[in-house]
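The entries are in the order in which I looked things up.

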Amino acid sequence: MSVDVRPATDDDVDAVVDLFRQYLRFYDQEVPDAEARAYLTARRDAGDSVLLIAVQRPEGTAPDDPAAEEVVGFTQSYPTWSSVSLSRSWVLNDLFVAPDARGTGAARALVRETCRRAKQAGAIRVSLATAWDNVAAQGLYESEGFVRDQHFHHYAYVTGA
């Protein structure tokens, strides 16, 4: 099987919604299909986020044969700005690969393509956060050149909205 990464299209929405709901479940969030679909498509269509998917296809299958593709993972990144550097920056907010596709290189391919697109868009950095106990993800990010922040503590304020 080979893994390719490309932007999600309308034809991919059902598969991405399924993966997005699995991702949210990992973080103890249950969201109905309709809400997940509305969120993903609204962010993508408004240009708020960059939604990439990893697709697997059997070896020897034509790359332009969508019937042979299986969506196995996704990333969602949010382009933003850095005031301190006066430059564009991206936040890789969501990364998920289906459990049966882990170890195939899909996550690495998604991270690399996200970074490539961020650089192409003029971003000076891609930042992300992951759970303290998500050692597998930390290993992937560090092997791809991400450096753990030693200078800043990150905080969140929950508004309750």
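What follows are my notes on helices, their packing and some loop positions.

**Ground rules.** I am working with a predicted model, in which local features need pLDDT of at least 70 and side-chain atom pairs count only at pLDDT 80 or more, while totals for chains, interfaces and linings use all residues. Residues are numbered from 1 along each chain as its sequence is written, and side-chain values use heavy atoms, with hydrogens and water left out.

**Terms.** I take helices (H or I, at least four residues) and strands (E, at least two) as DSSP runs, numbered from the N terminus. I call a residue buried under 20% relative accessible area, exposed over 50% and partly exposed in between (1.4 Å probe, protein chains only). Contact is heavy atoms within 4.5 Å.

**Helix α2.** I first checked the length of α2, residues 33-46: its 14 residues should span 20 Å at 1.5 Å a residue, and the end C-alpha atoms are 20 Å apart, which agrees; the expected span is 1.5 Å times one less than the number of residues. I then asked which residues of α2 are buried. They are Ala 36, Leu 40, Thr 41 and Arg 44, and they cover an arc of only 115° around the axis, which puts them on the same side of α2. The arc is that of the directions from the helix axis to the C-beta atoms. After α2 comes Gly 47, with a positive phi near 80°.

**α1 against α2.** I looked up the packing of this pair and found an angle of about 110°, with the axes 9 Å apart, which makes α1 roughly perpendicular to α2. Axes here are lines fitted to C-alpha atoms, for helices over the stretch in contact, and angles run from 0 to 180 degrees between N-to-C directions. Angles under 35 degrees count as roughly parallel, over 145 as roughly antiparallel, 65 to 115 as roughly perpendicular and the rest as oblique.

**Helix α3.** I ran the length check again on α3, residues 106-120, where 15 residues reach 21 Å from first C-alpha to last, close to the 21 Å expected at 1.5 Å a residue. Ala 106, Leu 110, Val 111, Glu 113, Thr 114 and Ala 118 are buried in α3, and the buried residues of this helix pack against β1 (2-7), β2, β3, β4, β5 (123-127) and α4 (135-143). Gly 122 follows α3 and has a positive phi, near 90°.

**Helix α4.** The buried residues that I found in α4 are Ala 137, Gln 138, Leu 140 and Tyr 141; they cover an arc of only 160° around the axis, which puts them on the same side of α4. Val 135 and Ala 136 are exposed on the face of α4 turned away from that buried side, whereas β4 and α3 are among what covers the buried residues.

**α3 against α4.** The axes of α3 and α4 come within 11 Å and cross at roughly 45°, and the two helices are therefore oblique to each other. Their crossing is right-handed, and the contact is made by Ala 107, Arg 108 and Val 111 of α3 with Leu 140, Tyr 141 and Ser 143 of α4.

**Loop residues.** Where does Asp 28 lie? I found Asp 28 in the loop between α1 and α2, with a positive phi of about 60° although it is not a glycine; at 71% relative accessibility it counts as exposed. Leu 86, in the loop between β3 and β4 (87-97), has a positive phi near 55° and is likewise not a glycine.

Methods. Left-handed = near helix turned anticlockwise from the far one by under 90°.
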